Structure formats: structure tokens, C-alpha cells
Amino acid sequence: PDSFISKLNRAQPGERFQAPAHFRAVWEKACDFASMTGGAFTPFALPRLAETGFGPDGFDFAQEWTTDWSSCREMMDENGVIERPDSVLLDLSAVAKGYSVDLMAECLRAHGVSAFMVEIGGEFMTAGLKADRQPWWIDLESHAMGDHRVRLALCGQALATSGILHQSEFSGSGVKSHIVGANTTDMTKSVSVMADSCMLADGWATALFVLGADAGFKVAEENGLAAL
């Protein structure tokens, strides 16, 4: 409740705040993803997330929803001052966790550690090799692949996976999940992305999952992504 984004969401429309550096970095990347995916990735999904039962407590979501993802660029000026707009609540979870992993990696590098693997909730960042000169091996969950197994060798790369297997539930109208707009009811489906930073991998994995197999594959191809 004391985080900057929570304070911003609880503010009155029109209030202005100087955004801290970490929020600004995540916000700008979220706007990039919204633009690159035509709004499939949106920082404005919190009210719809609350409808599924996976959102935070303590907010009045009755009138707080907008589909105008293109307006996110206008909310923050060049000095990092952001204005709380009307009918918008922000959720940057789909890039913030990956960003946190990147910060862990930066901290280790600053302390002279050149070989490591760090992870939060299935999002990884690696550097160098293991002591036995092997890469950092990561096995993907294989629920949707039967007996097929995928093992990835990470050396100085990040990996993120998005899916609904572990945060979803069945309801009378289908599957409710923590990924707003996911166009699948198959809980075994997921998308994994390798990238140079975990924030990139995290955002792309979520965006491609929302876009679905056909549109997601096209976007991955257009952007030269290593995605499965």
C-alpha cells in the first residue's frame, strides 16, 4: 500500500507526482509494449483483473476502466512527472517482476560477481557459466508438450514464461486468470521468451500469450524474438 504505484492509483484525478526512477523505467517500457502490440499489452488492465478475482484489495473499480492504451505516453512528461488521469488504474506487474530480476543482476555485477543465475517466480537472468563450465540449464514445464522436453542453456541471457496454469480457476463462463485478455481456455499453454534483459522477456512473454498462437507468432517474427 505504500508503493508509489499504489499511491498514484489512490490519488485524485489530476494530481501530479514526480515518479521515482524505478517506476519511470518500468512505465516507459510498459508504454513501449502497448505500442508494439497494439494494446494487447496494456498498463490499464487492473479493473478487469479485479473482475477475475486476481487483483488487489482496497480499490473501488466501479467506474475505473479505459481501453485507451494509446494515452499512456501522454501521462508522463519529459521530466518524469506523471498525472493521475480520470478513469484509469495502473498495473505494471507484467514488466515489474522482470525488472526486479534485472536489478538483482545489476547488484551482483556491482559487487564483482561475474557468474550467476537469479530468479523470481520463474523469471531468470544469468551471467557467465557455472563452476563446471556448463551453462545455466533451465527446463521448461512440459504440460502442453507431452513427452517432449525443452531444456535451455542460458549464458548472459534472460528467460521469462507466461501462462495461466498456476494462477487461474474455472468458472461458469470459462477460465479466469491473472492474464487479462488471454484468448485460451487451455491451462497447459504458455509462452517462454529469451532476451537480453528479464524485463524484455517478461513483457514479451505476457504480450505474446495474450495475442495467441497466430498473432503472437507473427509479432514474434516481426520483432526477431526467441520465443516458444
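**Cores, strands and salt bridges**

Modeller: Let's begin inside. The largest nonpolar core has 43 residues, and the members that touch the most others are Phe 23, Trp 27, Ile 82, Leu 90, Val 95 and Leu 208. Helix 5, residues 198–211, gives the most to this core, with nine residues. Keep in mind that this is a predicted model.

Biologist: What is the general idea behind looking for a core?

Modeller: In soluble globular proteins, nonpolar side chains tend to be buried together. Here there is also a second, separate core of nine residues, and Trp 136, Leu 154, Leu 159 and Met 194 are among them.

Biologist: Which residues does Ile 82 touch, not counting those up to four places away in sequence?

Modeller: The list includes Phe 4, Leu 8, Phe 17, Ala 19, Phe 23, Trp 27, Met 75, Met 76 and Leu 90. Glu 15 and Arg 16 are on that list too.

Biologist: Let me step back to the whole chain. How many helices and strands are there?

Modeller: The chain has six helices and eleven strands. Buried residues make up 42% of its 228 residues.

Biologist: Why does Ser 192 count as buried?

Modeller: The idea is to compare relative accessibility with a cut-off, and buried means under 20%. Ser 192 has 6% relative accessibility, so Ser 192 counts as buried.

Biologist: What does the side chain of Ser 192 join in a polar contact?

Modeller: The side chain of Thr 161, in a polar contact of 2.6 Å. Leaving out residues up to four places away in sequence, Ser 192 touches Leu 140, Leu 159, Ala 160, Thr 161, Ala 226, Ala 227 and Leu 228.

Biologist: On to charges. How many salt bridges does a search of the whole structure find?

Modeller: Six. When you read one, check which atoms meet and where the two residues sit along the chain. Take Arg 24 and Glu 28: they form a salt bridge, and the closest N and O atoms are 3.2 Å apart. Both are in helix 2, residues 21–36, and because they are four residues apart, about one helical turn separates them. Arg 24 is partly exposed with a relative accessible area of 26%, and Glu 28 is also partly exposed, at 34% relative accessibility.

Biologist: Which parts does the salt bridge between Asp 32 and Arg 73 tie together?

Modeller: That salt bridge has an N to O distance of 2.2 Å. Asp 32 lies in helix 2 and Arg 73 in the loop between helix 3 (46–51) and strand 2 (81–83), so the pair ties together parts that are 41 residues apart in sequence. Asp 32 is partly exposed with a relative accessible area of 24%, and Arg 73 is partly exposed with 44%.

Biologist: And what about Asp 139 and Arg 151?

Modeller: They form a salt bridge whose closest N and O atoms are 2.6 Å apart. Asp 139 is in strand 5 (residues 136–139) and Arg 151 in strand 6 (residues 151–154), so parts that are twelve residues apart in sequence are tied together. Asp 139 counts as partly exposed at 46% relative accessibility, whereas Arg 151 is exposed, with a relative accessible area of 54%.

Biologist: Which residues are linked in a network of salt bridges?

Modeller: Arg 16, Asp 77 and Glu 83.

Technical notes: Residues numbered from 1 in each chain as written. Predicted model: local features only at pLDDT ≥ 70, side-chain atom pairs only at ≥ 80, totals over all residues. Heavy atoms only, no water. Buried < 20%, exposed > 50% of the residue type's maximum accessible area, 1.4 Å probe, protein only. Polar contact = N/O pair within 3.5 Å; in protein donor to acceptor, adjacent residues only side chain to side chain. Contact = heavy atoms within 4.5 Å. Core = buried A, V, L, I, M, F, W, Y, C linked by side-chain atoms within 4.5 Å. Helix = DSSP H or I, 4+ residues; strand = E, 2+ residues; numbered from the N terminus. Salt bridge = Lys/Arg side-chain N within 4 Å of Asp/Glu carboxyl O.
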